[in-house]
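User: Could you walk me through how to read helix packing and strand pairing here?

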Amino acid sequence: MKNTDTGTGPEIRALLRENIRNIVPYSTARDDCKVEMDVYLDANENPYESGVNRYPSPHQPELKKMLSVLKNVPEGKIFLGNGSDEPIDLVFRLFCPPGASSMVQIVPTYGMYSVAAAVNDVRVINSPLDEDFRLDAEALLSKVEPDTKVIFLCSPNNPSGNLLDRGEILKILDSFKGITVVDEAYIDFAASDSFTDVLDKYPRLIVLQTLSKAWGMAGLRIGLAIADEHVVDVMSRVKYPYNISVLNQKKAGELLSNPLEAYDRVSRIVSERQKLARELALCPGVEKVWPSDANFLLVGFSDKDRAFGELMRRGIIVRDRSSAYGCKGCLRITVGTAEENAKVLEVLRGSAADIAGTAPTGISDGDGCIDGQSPLSSRTSSCFRSTRETTICVRVDLDGFRPPRVATGLNFFNHMLEQIGYHAGIALDIICFGDTDTDDHHTVEDVAIALGDCLYSALGDKAGIGRYGFSLPMDEAEASVLMDLGGRIDFRWDVPFHGERVGDMSSQMFEHFFKSLTEHLKCNLHVRACGMNDHHVAEGVFKAFARALKMAVKKEEDGGRVPSSKGVL
Ligand SMILES: *Cc1c(COP(=O)(O)O)cnc(C)c1O
(Lines give C-alpha, C1' and ligand atoms only; values in the text may rest on other atoms or scores of the structure.)
Protein backbone atom coordinates (compact mmCIF):
# COMPACT_ATOMS: atom_id res chain seq x y z
CA MET A 1 0.00 0.00 0.00
CA LYS A 2 1.20 3.46 -0.86
CA ASN A 3 1.76 6.22 1.61
CA THR A 4 -1.26 8.44 1.02
CA ASP A 5 -0.15 11.23 3.32
CA THR A 6 2.00 13.04 0.80
CA GLY A 7 1.59 14.76 -2.55
CA THR A 8 -1.84 14.29 -4.06
CA GLY A 9 -2.70 11.56 -1.53
CA PRO A 10 -4.77 13.64 0.91
CA GLU A 11 -6.68 15.32 -1.91
CA ILE A 12 -7.75 11.98 -3.41
CA ARG A 13 -8.37 10.46 0.01
CA ALA A 14 -10.79 13.22 0.91
CA LEU A 15 -12.89 12.42 -2.15
CA LEU A 16 -13.17 8.69 -1.46
CA ARG A 17 -16.20 7.08 0.11
CA GLU A 18 -15.71 6.52 3.81
CA ASN A 19 -15.79 2.71 3.56
CA ILE A 20 -13.33 2.69 0.65
CA ARG A 21 -10.74 4.88 2.32
CA ASN A 22 -9.31 2.18 4.55
CA ILE A 23 -10.10 -0.90 2.57
CA VAL A 24 -7.56 -3.66 2.91
CA PRO A 25 -7.28 -5.54 -0.37
CA TYR A 26 -7.56 -9.28 -0.69
CA SER A 27 -3.96 -10.32 -0.70
CA THR A 28 -3.39 -12.70 -3.56
CA ALA A 29 -0.96 -15.51 -3.19
CA ARG A 30 0.99 -14.20 -6.12
CA ASP A 31 0.74 -10.53 -5.22
CA ASP A 32 3.79 -9.06 -6.84
CA CYS A 33 6.00 -11.99 -6.06
CA LYS A 34 8.79 -10.53 -8.15
CA VAL A 35 11.24 -13.42 -8.10
CA GLU A 36 10.73 -16.55 -10.14
CA MET A 37 10.32 -19.65 -7.99
CA ASP A 38 10.68 -23.30 -8.93
CA VAL A 39 7.67 -24.68 -7.16
CA TYR A 40 4.39 -22.90 -6.56
CA LEU A 41 2.36 -24.41 -3.76
CA ASP A 42 0.85 -21.19 -2.46
CA ALA A 43 -2.43 -20.74 -4.32
CA ASN A 44 -4.17 -24.12 -4.28
CA GLU A 45 -3.77 -24.29 -8.03
CA ASN A 46 -3.78 -27.50 -9.97
CA PRO A 47 -0.14 -28.42 -10.61
CA TYR A 48 -0.75 -30.11 -13.96
CA GLU A 49 0.07 -27.81 -16.89
CA SER A 50 -2.77 -26.83 -19.19
CA GLY A 51 -1.60 -23.36 -20.13
CA VAL A 52 -4.21 -21.88 -17.82
CA ASN A 53 -3.80 -23.83 -14.59
CA ARG A 54 -2.10 -20.86 -12.88
CA TYR A 55 -3.79 -17.69 -11.68
CA PRO A 56 -3.03 -14.64 -13.81
CA SER A 57 -0.84 -11.81 -12.63
CA PRO A 58 -3.13 -9.60 -10.53
CA HIS A 59 -1.59 -6.27 -11.52
CA GLN A 60 -0.50 -7.08 -15.09
CA PRO A 61 2.97 -5.47 -14.88
CA GLU A 62 4.04 -6.71 -18.33
CA LEU A 63 1.09 -5.12 -20.08
CA LYS A 64 1.39 -1.94 -18.06
CA LYS A 65 5.02 -1.65 -19.03
CA MET A 66 4.20 -1.79 -22.72
CA LEU A 67 1.27 0.59 -22.37
CA SER A 68 3.46 2.98 -20.41
CA VAL A 69 5.81 3.19 -23.41
CA LEU A 70 2.98 3.51 -25.94
CA LYS A 71 0.98 6.06 -23.96
CA ASN A 72 4.00 7.85 -22.55
CA VAL A 73 2.73 7.75 -18.97
CA PRO A 74 4.35 6.11 -15.92
CA GLU A 75 3.25 2.52 -15.17
CA GLY A 76 1.99 3.65 -11.78
CA LYS A 77 -0.61 5.84 -13.45
CA ILE A 78 -2.20 2.93 -15.35
CA PHE A 79 -5.07 0.77 -14.12
CA LEU A 80 -6.27 -2.08 -16.32
CA GLY A 81 -9.86 -3.25 -16.13
CA ASN A 82 -12.10 -5.87 -17.66
CA GLY A 83 -13.06 -3.47 -20.47
CA SER A 84 -13.69 0.20 -19.74
CA ASP A 85 -16.83 -1.03 -18.03
CA GLU A 86 -14.79 -1.94 -14.96
CA PRO A 87 -13.14 1.46 -14.36
CA ILE A 88 -16.47 3.19 -15.11
CA ASP A 89 -18.11 1.10 -12.40
CA LEU A 90 -15.15 1.62 -10.05
CA VAL A 91 -15.41 5.39 -10.34
CA PHE A 92 -18.88 5.16 -8.79
CA ARG A 93 -17.86 2.59 -6.22
CA LEU A 94 -14.88 4.66 -5.11
CA PHE A 95 -16.29 8.16 -5.06
CA CYS A 96 -20.11 8.06 -4.95
CA PRO A 97 -22.00 7.05 -1.78
CA PRO A 98 -25.04 5.07 -2.97
CA GLY A 99 -28.32 6.90 -2.58
CA ALA A 100 -26.56 10.08 -1.53
CA SER A 101 -24.66 11.41 -4.53
CA SER A 102 -25.01 12.44 -8.14
CA MET A 103 -22.99 12.56 -11.33
CA VAL A 104 -23.23 15.00 -14.23
CA GLN A 105 -22.89 13.72 -17.78
CA ILE A 106 -23.21 15.37 -21.17
CA VAL A 107 -26.04 14.24 -23.45
CA PRO A 108 -26.06 12.63 -25.84
CA THR A 109 -23.30 10.32 -24.68
CA TYR A 110 -22.24 6.73 -24.05
CA GLY A 111 -24.97 4.75 -22.31
CA MET A 112 -22.73 2.86 -19.90
CA TYR A 113 -22.20 5.82 -17.54
CA SER A 114 -25.86 6.07 -16.60
CA VAL A 115 -26.26 2.29 -16.36
CA ALA A 116 -23.30 2.03 -13.98
CA ALA A 117 -24.66 5.02 -12.06
CA ALA A 118 -28.05 3.33 -11.70
CA VAL A 119 -26.46 0.10 -10.51
CA ASN A 120 -24.60 2.07 -7.85
CA ASP A 121 -27.69 4.11 -6.92
CA VAL A 122 -26.16 7.37 -8.07
CA ARG A 123 -28.44 10.10 -9.44
CA VAL A 124 -27.76 11.12 -13.06
CA ILE A 125 -27.89 14.79 -14.04
CA ASN A 126 -27.90 15.43 -17.78
CA SER A 127 -26.21 18.45 -19.31
CA PRO A 128 -27.13 18.84 -22.97
CA LEU A 129 -24.52 19.68 -25.59
CA ASP A 130 -25.54 22.40 -28.04
CA GLU A 131 -27.13 21.68 -31.44
CA ASP A 132 -23.69 21.00 -32.93
CA PHE A 133 -22.78 18.76 -29.98
CA ARG A 134 -20.38 21.33 -28.56
CA LEU A 135 -19.56 21.46 -24.87
CA ASP A 136 -20.25 24.64 -22.92
CA ALA A 137 -18.33 24.39 -19.64
CA GLU A 138 -20.36 27.11 -17.91
CA ALA A 139 -23.63 25.42 -18.77
CA LEU A 140 -22.37 22.06 -17.51
CA LEU A 141 -20.92 23.50 -14.31
CA SER A 142 -24.25 25.17 -13.57
CA LYS A 143 -25.78 21.67 -13.33
CA VAL A 144 -23.40 20.59 -10.58
CA GLU A 145 -25.17 20.09 -7.25
CA PRO A 146 -23.73 19.87 -3.74
CA ASP A 147 -23.78 16.06 -3.85
CA THR A 148 -22.19 15.82 -7.33
CA LYS A 149 -19.08 13.70 -7.02
CA VAL A 150 -18.21 12.98 -10.67
CA ILE A 151 -18.49 14.58 -14.10
CA PHE A 152 -18.39 12.27 -17.12
CA LEU A 153 -17.13 13.66 -20.42
CA CYS A 154 -16.54 11.62 -23.55
CA SER A 155 -14.19 12.99 -26.20
CA PRO A 156 -14.45 12.14 -29.06
CA ASN A 157 -18.03 11.70 -27.95
CA ASN A 158 -20.20 8.69 -28.67
CA PRO A 159 -22.63 8.87 -30.53
CA SER A 160 -21.94 12.36 -31.91
CA GLY A 161 -18.37 11.52 -32.98
CA ASN A 162 -16.84 14.93 -32.30
CA LEU A 163 -14.01 15.93 -30.01
CA LEU A 164 -15.08 18.22 -27.20
CA ASP A 165 -13.29 21.56 -27.07
CA ARG A 166 -10.10 21.20 -25.04
CA GLY A 167 -10.41 24.67 -23.54
CA GLU A 168 -13.90 23.93 -22.25
CA ILE A 169 -12.74 20.68 -20.64
CA LEU A 170 -9.87 22.53 -19.00
CA LYS A 171 -12.35 25.05 -17.57
CA ILE A 172 -14.23 22.16 -15.96
CA LEU A 173 -11.00 20.70 -14.58
CA ASP A 174 -10.10 24.11 -13.18
CA SER A 175 -13.31 24.69 -11.32
CA PHE A 176 -14.92 21.34 -10.41
CA LYS A 177 -13.64 20.00 -7.11
CA GLY A 178 -14.75 16.40 -7.59
CA ILE A 179 -13.59 13.74 -10.05
CA THR A 180 -13.71 14.47 -13.78
CA VAL A 181 -13.62 11.50 -16.14
CA VAL A 182 -12.62 12.07 -19.76
CA ASP A 183 -13.41 8.95 -21.77
CA GLU A 184 -11.03 8.81 -24.71
CA ALA A 185 -12.12 5.47 -26.18
CA TYR A 186 -11.78 6.96 -29.68
CA ILE A 187 -8.79 9.26 -29.17
CA ASP A 188 -6.55 7.32 -31.58
CA PHE A 189 -8.85 8.21 -34.48
CA ALA A 190 -8.67 11.91 -33.65
CA ALA A 191 -6.01 14.44 -34.50
CA SER A 192 -5.71 15.59 -30.92
CA ASP A 193 -3.54 15.12 -27.88
CA SER A 194 -4.74 12.98 -25.04
CA PHE A 195 -5.61 14.56 -21.71
CA THR A 196 -3.04 12.23 -20.15
CA ASP A 197 -0.52 15.02 -20.63
CA VAL A 198 -2.23 17.21 -18.01
CA LEU A 199 -2.58 14.51 -15.33
CA ASP A 200 0.21 15.97 -13.22
CA LYS A 201 -1.62 19.26 -13.04
CA TYR A 202 -5.05 17.72 -12.38
CA PRO A 203 -4.87 14.75 -9.97
CA ARG A 204 -8.68 14.59 -9.91
CA LEU A 205 -8.76 13.77 -13.62
CA ILE A 206 -9.31 10.17 -14.76
CA VAL A 207 -8.69 9.46 -18.44
CA LEU A 208 -10.29 6.31 -19.83
CA GLN A 209 -8.92 4.55 -22.87
CA THR A 210 -9.46 1.07 -24.24
CA LEU A 211 -7.88 -1.64 -26.36
CA SER A 212 -11.32 -2.33 -27.87
CA LYS A 213 -11.41 0.17 -30.73
CA ALA A 214 -8.21 1.44 -32.38
CA TRP A 215 -6.22 -1.52 -31.06
CA GLY A 216 -8.73 -4.01 -32.39
CA MET A 217 -9.06 -6.12 -29.23
CA ALA A 218 -12.72 -5.71 -28.23
CA GLY A 219 -12.87 -9.44 -27.58
CA LEU A 220 -10.13 -9.27 -24.96
CA ARG A 221 -12.03 -6.82 -22.74
CA ILE A 222 -9.18 -4.58 -21.63
CA GLY A 223 -9.83 -0.99 -20.66
CA LEU A 224 -7.45 1.56 -19.17
CA ALA A 225 -7.91 4.17 -16.53
CA ILE A 226 -4.97 6.56 -16.61
CA ALA A 227 -4.93 8.64 -13.48
CA ASP A 228 -3.05 9.88 -10.45
CA GLU A 229 -1.13 7.07 -8.69
CA HIS A 230 -3.40 7.28 -5.66
CA VAL A 231 -6.53 6.77 -7.73
CA VAL A 232 -4.89 3.81 -9.48
CA ASP A 233 -3.82 2.43 -6.11
CA VAL A 234 -7.34 2.51 -4.70
CA MET A 235 -8.88 1.11 -7.89
CA SER A 236 -6.41 -1.75 -7.69
CA ARG A 237 -7.40 -2.45 -4.10
CA VAL A 238 -11.11 -2.53 -4.85
CA LYS A 239 -11.12 -4.50 -8.12
CA TYR A 240 -11.55 -8.26 -8.37
CA PRO A 241 -8.06 -9.63 -7.76
CA TYR A 242 -7.65 -11.51 -11.04
CA ASN A 243 -9.67 -9.26 -13.32
CA ILE A 244 -7.81 -9.98 -16.56
CA SER A 245 -7.36 -13.59 -17.57
CA VAL A 246 -4.09 -15.27 -18.43
CA LEU A 247 -5.14 -15.71 -22.06
CA ASN A 248 -6.26 -12.12 -22.46
CA GLN A 249 -3.06 -10.74 -20.96
CA LYS A 250 -0.98 -12.95 -23.18
CA LYS A 251 -2.83 -12.13 -26.38
CA ALA A 252 -2.84 -8.38 -25.65
CA GLY A 253 0.93 -8.51 -25.05
CA GLU A 254 1.45 -10.21 -28.41
CA LEU A 255 -0.69 -7.70 -30.28
CA LEU A 256 0.83 -4.69 -28.56
CA SER A 257 4.37 -5.77 -29.30
CA ASN A 258 3.97 -4.86 -32.97
CA PRO A 259 1.91 -1.69 -32.82
CA LEU A 260 2.75 -0.49 -36.33
CA GLU A 261 0.07 -2.74 -37.79
CA ALA A 262 -2.51 -1.26 -35.46
CA TYR A 263 -1.40 2.26 -36.41
CA ASP A 264 -1.77 1.38 -40.09
CA ARG A 265 -5.26 0.07 -39.56
CA VAL A 266 -6.18 3.26 -37.77
CA SER A 267 -4.89 5.38 -40.69
CA ARG A 268 -6.88 3.22 -43.07
CA ILE A 269 -10.04 3.61 -41.00
CA VAL A 270 -9.55 7.37 -40.78
CA SER A 271 -9.12 7.71 -44.55
CA GLU A 272 -12.14 5.44 -45.11
CA ARG A 273 -14.11 7.60 -42.68
CA GLN A 274 -13.41 10.72 -44.73
CA LYS A 275 -14.36 8.98 -47.95
CA LEU A 276 -17.51 7.44 -46.48
CA ALA A 277 -18.58 10.81 -45.04
CA ARG A 278 -18.19 12.51 -48.43
CA GLU A 279 -20.09 9.79 -50.26
CA LEU A 280 -22.86 9.43 -47.69
CA ALA A 281 -23.56 13.15 -47.93
CA LEU A 282 -24.43 12.59 -51.60
CA CYS A 283 -26.81 9.69 -50.99
CA PRO A 284 -30.56 10.22 -51.41
CA GLY A 285 -32.33 10.47 -48.07
CA VAL A 286 -29.23 11.56 -46.18
CA GLU A 287 -29.81 14.92 -44.55
CA LYS A 288 -26.68 15.37 -42.54
CA VAL A 289 -23.39 13.64 -41.90
CA TRP A 290 -21.91 14.90 -38.67
CA PRO A 291 -18.17 15.59 -38.64
CA SER A 292 -16.39 12.73 -36.88
CA ASP A 293 -13.13 12.34 -34.97
CA ALA A 294 -13.92 8.70 -34.24
CA ASN A 295 -14.38 5.45 -36.19
CA PHE A 296 -18.07 5.99 -36.81
CA LEU A 297 -20.38 8.52 -38.40
CA LEU A 298 -23.60 9.91 -37.04
CA VAL A 299 -25.89 10.28 -40.04
CA GLY A 300 -29.24 12.05 -40.16
CA PHE A 301 -31.81 10.56 -42.56
CA SER A 302 -35.10 11.97 -43.81
CA ASP A 303 -36.52 8.50 -43.11
CA LYS A 304 -34.17 6.61 -40.82
CA ASP A 305 -36.46 3.59 -40.46
CA ARG A 306 -36.42 3.12 -44.19
CA ALA A 307 -32.64 3.42 -44.36
CA PHE A 308 -32.25 1.08 -41.39
CA GLY A 309 -34.61 -1.43 -43.00
CA GLU A 310 -32.90 -1.29 -46.39
CA LEU A 311 -29.49 -1.84 -44.80
CA MET A 312 -30.87 -4.63 -42.62
CA ARG A 313 -32.41 -6.39 -45.62
CA ARG A 314 -28.98 -6.42 -47.25
CA GLY A 315 -27.43 -7.91 -44.16
CA ILE A 316 -25.92 -4.70 -42.79
CA ILE A 317 -26.58 -3.78 -39.21
CA VAL A 318 -26.05 -0.23 -38.00
CA ARG A 319 -27.05 1.45 -34.75
CA ASP A 320 -30.28 3.38 -34.42
CA ARG A 321 -29.43 6.33 -32.17
CA SER A 322 -32.49 8.38 -33.03
CA SER A 323 -33.81 8.33 -29.47
CA ALA A 324 -30.67 9.93 -28.07
CA TYR A 325 -30.79 13.63 -27.21
CA GLY A 326 -30.28 15.80 -30.31
CA CYS A 327 -30.02 12.73 -32.58
CA LYS A 328 -33.52 12.65 -34.05
CA GLY A 329 -33.56 10.68 -37.31
CA CYS A 330 -29.94 9.56 -36.85
CA LEU A 331 -28.22 6.24 -37.40
CA ARG A 332 -24.70 5.59 -36.19
CA ILE A 333 -22.60 3.82 -38.79
CA THR A 334 -19.26 2.27 -37.85
CA VAL A 335 -16.54 2.68 -40.47
CA GLY A 336 -15.81 -0.77 -41.87
CA THR A 337 -13.41 -2.06 -44.50
CA ALA A 338 -13.43 -0.41 -47.93
CA GLU A 339 -15.63 -3.23 -49.21
CA GLU A 340 -18.08 -2.99 -46.34
CA ASN A 341 -18.39 0.77 -46.73
CA ALA A 342 -18.93 0.42 -50.47
CA LYS A 343 -21.77 -1.97 -49.71
CA VAL A 344 -23.41 0.53 -47.37
CA LEU A 345 -23.19 3.21 -50.07
CA GLU A 346 -24.62 0.91 -52.71
CA VAL A 347 -27.62 0.13 -50.54
CA LEU A 348 -28.25 3.77 -49.71
CA ARG A 349 -27.85 4.81 -53.32
CA GLY A 350 -30.49 2.23 -54.14
CA SER A 351 -28.14 0.43 -56.51
CA ALA A 352 -27.55 -2.77 -54.58
CA ALA A 353 -28.55 -6.14 -55.93
CA ASP A 354 -31.47 -7.58 -54.02
CA ILE A 355 -30.06 -10.56 -52.23
CA ALA A 356 -27.63 -10.14 -49.42
CA GLY A 357 -24.13 -11.36 -50.09
CA THR A 358 -24.47 -11.65 -53.86
CA ALA A 359 -24.04 -8.00 -54.69
CA PRO A 360 -21.10 -7.38 -56.93
CA THR A 361 -19.59 -4.17 -55.65
CA GLY A 362 -19.36 -2.70 -59.14
CA ILE A 363 -17.85 0.52 -57.91
CA SER A 364 -14.17 1.01 -57.86
CA ASP A 365 -13.66 3.70 -55.29
CA GLY A 366 -10.01 2.96 -54.95
CA ASP A 367 -7.17 5.20 -55.93
CA GLY A 368 -5.39 2.23 -57.38
CA CYS A 369 -4.33 1.02 -53.99
CA ILE A 370 -5.51 -1.68 -51.67
CA ASP A 371 -7.83 -0.72 -48.85
CA GLY A 372 -7.24 2.96 -49.37
CA GLN A 373 -3.63 2.69 -48.28
CA SER A 374 -1.27 4.86 -50.22
CA PRO A 375 0.99 2.82 -52.44
CA LEU A 376 4.31 2.16 -50.79
CA SER A 377 7.23 3.78 -52.44
CA SER A 378 10.12 1.47 -53.12
CA ARG A 379 12.53 3.01 -50.61
CA THR A 380 10.78 1.74 -47.52
CA SER A 381 11.89 -0.78 -45.02
CA SER A 382 10.67 -2.12 -41.73
CA CYS A 383 12.16 -4.38 -39.18
CA PHE A 384 11.04 -6.16 -36.06
CA ARG A 385 13.66 -7.25 -33.59
CA SER A 386 13.12 -8.99 -30.30
CA THR A 387 15.79 -9.96 -27.80
CA ARG A 388 15.74 -10.62 -24.09
CA GLU A 389 16.32 -6.93 -23.45
CA THR A 390 14.26 -5.16 -26.09
CA THR A 391 11.46 -5.60 -28.59
CA ILE A 392 11.66 -3.07 -31.39
CA CYS A 393 9.81 -2.20 -34.56
CA VAL A 394 11.23 0.40 -36.88
CA ARG A 395 9.90 1.54 -40.22
CA VAL A 396 11.25 4.14 -42.62
CA ASP A 397 10.11 5.57 -45.91
CA LEU A 398 12.82 7.72 -47.44
CA ASP A 399 10.48 9.26 -50.00
CA GLY A 400 7.44 10.11 -47.96
CA PHE A 401 7.04 12.34 -44.97
CA ARG A 402 4.58 11.80 -42.13
CA PRO A 403 4.87 13.08 -38.58
CA PRO A 404 7.11 10.53 -36.84
CA ARG A 405 5.67 8.06 -34.34
CA VAL A 406 8.23 7.35 -31.66
CA ALA A 407 7.80 5.55 -28.35
CA THR A 408 10.78 4.18 -26.43
CA GLY A 409 9.94 4.85 -22.80
CA LEU A 410 12.71 7.48 -22.70
CA ASN A 411 11.30 10.95 -23.12
CA PHE A 412 14.43 12.72 -24.23
CA PHE A 413 15.33 9.94 -26.64
CA ASN A 414 11.81 10.08 -28.14
CA HIS A 415 12.24 13.77 -28.66
CA MET A 416 15.63 13.32 -30.37
CA LEU A 417 14.44 10.51 -32.64
CA GLU A 418 11.48 12.63 -33.70
CA GLN A 419 13.99 15.28 -34.79
CA ILE A 420 15.44 12.77 -37.23
CA GLY A 421 12.04 12.20 -38.83
CA TYR A 422 11.11 15.88 -39.00
CA HIS A 423 14.45 17.25 -40.15
CA ALA A 424 15.33 14.49 -42.57
CA GLY A 425 11.84 14.81 -44.03
CA ILE A 426 11.30 11.05 -43.98
CA ALA A 427 8.56 8.87 -42.53
CA LEU A 428 9.95 7.28 -39.39
CA ASP A 429 8.24 5.04 -36.85
CA ILE A 430 10.16 3.63 -33.91
CA ILE A 431 8.58 1.66 -31.09
CA CYS A 432 10.82 0.05 -28.50
CA PHE A 433 9.83 -1.90 -25.40
CA GLY A 434 13.07 -2.08 -23.47
CA ASP A 435 14.48 -2.70 -20.02
CA THR A 436 14.47 1.00 -19.18
CA ASP A 437 13.85 0.17 -15.53
CA THR A 438 17.46 -1.08 -15.50
CA ASP A 439 18.93 1.77 -17.56
CA ASP A 440 18.84 3.29 -21.01
CA HIS A 441 21.70 1.27 -22.51
CA HIS A 442 19.93 -1.55 -24.34
CA THR A 443 17.09 0.62 -25.54
CA VAL A 444 19.40 3.23 -27.06
CA GLU A 445 21.81 0.71 -28.53
CA ASP A 446 19.17 -1.57 -30.01
CA VAL A 447 17.23 1.31 -31.51
CA ALA A 448 20.46 2.47 -33.17
CA ILE A 449 21.04 -1.00 -34.60
CA ALA A 450 17.48 -1.42 -35.85
CA LEU A 451 17.37 2.10 -37.27
CA GLY A 452 20.74 1.65 -38.99
CA ASP A 453 19.67 -1.67 -40.51
CA CYS A 454 16.37 -0.24 -41.61
CA LEU A 455 17.86 2.85 -43.26
CA TYR A 456 20.47 0.70 -44.95
CA SER A 457 17.91 -1.66 -46.36
CA ALA A 458 15.61 1.17 -47.49
CA LEU A 459 18.49 2.63 -49.48
CA GLY A 460 18.61 -0.52 -51.61
CA ASP A 461 21.18 -0.26 -54.40
CA LYS A 462 21.57 3.46 -53.62
CA ALA A 463 20.92 4.35 -57.24
CA GLY A 464 20.47 8.07 -57.77
CA ILE A 465 21.18 9.16 -54.20
CA GLY A 466 23.20 12.24 -53.25
CA ARG A 467 25.50 9.98 -51.19
CA TYR A 468 27.15 12.84 -49.29
CA GLY A 469 25.60 14.95 -46.63
CA PHE A 470 26.90 17.74 -44.53
CA SER A 471 25.35 20.05 -42.09
CA LEU A 472 26.59 23.08 -40.26
CA PRO A 473 25.92 25.16 -37.15
CA MET A 474 22.45 25.04 -35.69
CA ASP A 475 21.04 27.18 -32.88
CA GLU A 476 23.39 28.69 -30.33
CA ALA A 477 25.01 25.31 -29.76
CA GLU A 478 27.13 24.42 -32.74
CA ALA A 479 26.82 21.02 -34.32
CA SER A 480 28.26 19.76 -37.53
CA VAL A 481 27.73 16.40 -39.15
CA LEU A 482 29.44 15.04 -42.23
CA MET A 483 28.16 11.89 -43.85
CA ASP A 484 29.09 9.59 -46.70
CA LEU A 485 26.81 6.69 -47.52
CA GLY A 486 29.46 5.15 -49.74
CA GLY A 487 29.56 1.95 -47.72
CA ARG A 488 32.75 2.27 -45.68
CA ILE A 489 32.46 2.66 -41.97
CA ASP A 490 34.27 5.47 -40.20
CA PHE A 491 33.00 7.12 -37.05
CA ARG A 492 34.42 10.25 -35.43
CA TRP A 493 32.90 11.95 -32.46
CA ASP A 494 33.92 15.18 -30.84
CA VAL A 495 31.01 16.22 -28.66
CA PRO A 496 31.76 17.14 -25.05
CA PHE A 497 28.86 17.10 -22.60
CA HIS A 498 28.99 18.94 -19.27
CA GLY A 499 26.69 16.69 -17.26
CA GLU A 500 26.18 12.97 -16.72
CA ARG A 501 22.63 13.02 -18.01
CA VAL A 502 20.42 14.88 -20.42
CA GLY A 503 16.78 14.48 -19.47
CA ASP A 504 16.24 10.78 -18.81
CA MET A 505 19.27 9.70 -20.90
CA SER A 506 22.88 9.27 -19.92
CA SER A 507 25.13 11.59 -21.91
CA GLN A 508 27.57 8.87 -22.90
CA MET A 509 24.81 7.01 -24.73
CA PHE A 510 24.71 9.63 -27.50
CA GLU A 511 28.11 8.63 -28.80
CA HIS A 512 27.16 5.00 -28.46
CA PHE A 513 23.95 5.60 -30.39
CA PHE A 514 25.64 7.23 -33.35
CA LYS A 515 28.47 4.71 -33.35
CA SER A 516 26.08 1.76 -33.54
CA LEU A 517 24.00 3.56 -36.13
CA THR A 518 27.09 4.21 -38.24
CA GLU A 519 28.08 0.56 -38.13
CA HIS A 520 24.66 -0.61 -39.24
CA LEU A 521 24.02 2.10 -41.81
CA LYS A 522 27.55 1.40 -43.09
CA CYS A 523 28.53 5.00 -43.50
CA ASN A 524 31.12 7.58 -42.63
CA LEU A 525 29.88 9.83 -39.90
CA HIS A 526 31.89 12.69 -38.44
CA VAL A 527 30.18 14.58 -35.66
CA ARG A 528 31.42 17.69 -33.88
CA ALA A 529 29.47 19.86 -31.53
CA CYS A 530 29.89 22.20 -28.62
CA GLY A 531 27.80 24.51 -26.51
CA MET A 532 26.96 25.44 -22.97
CA ASN A 533 23.67 23.63 -22.74
CA ASP A 534 23.72 19.81 -23.05
CA HIS A 535 20.10 19.65 -24.16
CA HIS A 536 20.82 22.03 -27.04
CA VAL A 537 24.03 20.25 -27.96
CA ALA A 538 22.25 16.87 -28.18
CA GLU A 539 19.38 18.38 -30.09
CA GLY A 540 21.78 20.15 -32.44
CA VAL A 541 23.56 16.86 -33.17
CA PHE A 542 20.34 15.02 -33.94
CA LYS A 543 19.04 17.82 -36.14
CA ALA A 544 22.35 18.16 -37.97
CA PHE A 545 22.44 14.40 -38.45
CA ALA A 546 18.90 14.53 -39.85
CA ARG A 547 19.83 17.32 -42.26
CA ALA A 548 22.88 15.43 -43.45
CA LEU A 549 20.81 12.28 -43.86
CA LYS A 550 18.20 14.17 -45.85
CA MET A 551 20.83 15.40 -48.26
CA ALA A 552 22.62 12.08 -48.59
CA VAL A 553 19.55 9.91 -49.21
CA LYS A 554 17.86 12.34 -51.55
CA LYS A 555 17.47 11.15 -55.11
CA GLU A 556 19.18 13.43 -57.57
CA GLU A 557 17.89 14.28 -61.01
CA ASP A 558 20.45 12.28 -62.89
CA GLY A 559 18.59 9.26 -64.08
CA GLY A 560 19.37 6.98 -61.17
CA ARG A 561 23.10 6.64 -61.60
CA VAL A 562 24.99 5.17 -58.66
CA PRO A 563 27.02 8.12 -57.35
CA SER A 564 30.45 6.59 -57.64
CA SER A 565 33.07 6.51 -60.36
CA LYS A 566 33.15 2.74 -59.80
CA GLY A 567 29.45 2.51 -60.65
CA VAL A 568 28.63 0.61 -57.47
CA LEU A 569 28.40 1.49 -53.78
C1 LIG B 1 -16.57 1.50 -27.03
C2 LIG B 1 -16.50 2.45 -25.94
C3 LIG B 1 -15.74 2.17 -24.81
C4 LIG B 1 -14.97 0.91 -24.69
O5 LIG B 1 -15.57 0.01 -23.88
P6 LIG B 1 -14.79 -1.35 -23.50
O7 LIG B 1 -15.55 -1.81 -22.32
O8 LIG B 1 -13.38 -0.97 -23.17
O9 LIG B 1 -14.86 -2.24 -24.67
C10 LIG B 1 -15.63 3.10 -23.81
N11 LIG B 1 -16.24 4.29 -23.92
C12 LIG B 1 -16.98 4.61 -25.00
C13 LIG B 1 -17.58 5.95 -25.10
C14 LIG B 1 -17.14 3.69 -26.03
O15 LIG B 1 -17.88 4.02 -27.08
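**Helix packing and a strand pair**

Analyst: Let's begin with a contact, meaning heavy atoms within 4.5 Å. Here E272, L276, E279 and L280 in α10 meet A338, N341, V344, L345, L348 and R349 in α12. By class, that contact holds six nonpolar, one polar and three charged residues. This is a predicted model, where local features need pLDDT of at least 70, side-chain atom pairs count only at pLDDT 80 or more, and totals for chains, interfaces and linings use all residues. Residues are numbered from 1 along each chain as its sequence is written, and side-chain values use heavy atoms, leaving out hydrogens and water.

User: At what angle do α10 and α12 pack?

Analyst: Angles run from 0 to 180 degrees between N-to-C directions, with axes fitted to C-alpha atoms over the stretch in contact. Helix α10 (residues 259-281) and helix α12 (residues 338-349) pack at about 5°, their axes 11 Å apart. That makes α10 roughly parallel to α12, a term for angles under 35 degrees.

User: And how does α11 pack against α12?

Analyst: Helix α11 (residues 304-313) packs on α12 at an angle of about 125°, with the axes 10 Å apart. Therefore α11 is oblique to α12. A307, E310 and L311 of α11 make the contact with V344, V347 and L348 of α12.

User: Which strand does β1 pair with?

Analyst: Pairing requires at least two DSSP bridges between strands. β1 pairs with strand β7 (residues 222-227) in the antiparallel sense, over five bridges. N82 stands opposite I222 in β7. Four of the five residues in β1 (residues 78-82) are buried, that is, under 20% relative accessible area with a 1.4 Å probe, protein chains only.

Key: Buried < 20%, exposed > 50% of the residue type's maximum accessible area, 1.4 Å probe, protein only. Helix = DSSP H or I, 4+ residues; strand = E, 2+ residues; numbered from the N terminus. Parallel < 35°, antiparallel > 145°, perpendicular 65-115°, else oblique. Nonpolar A, V, L, I, M, F, W, Y, C, P; charged D, E, K, R; others polar.
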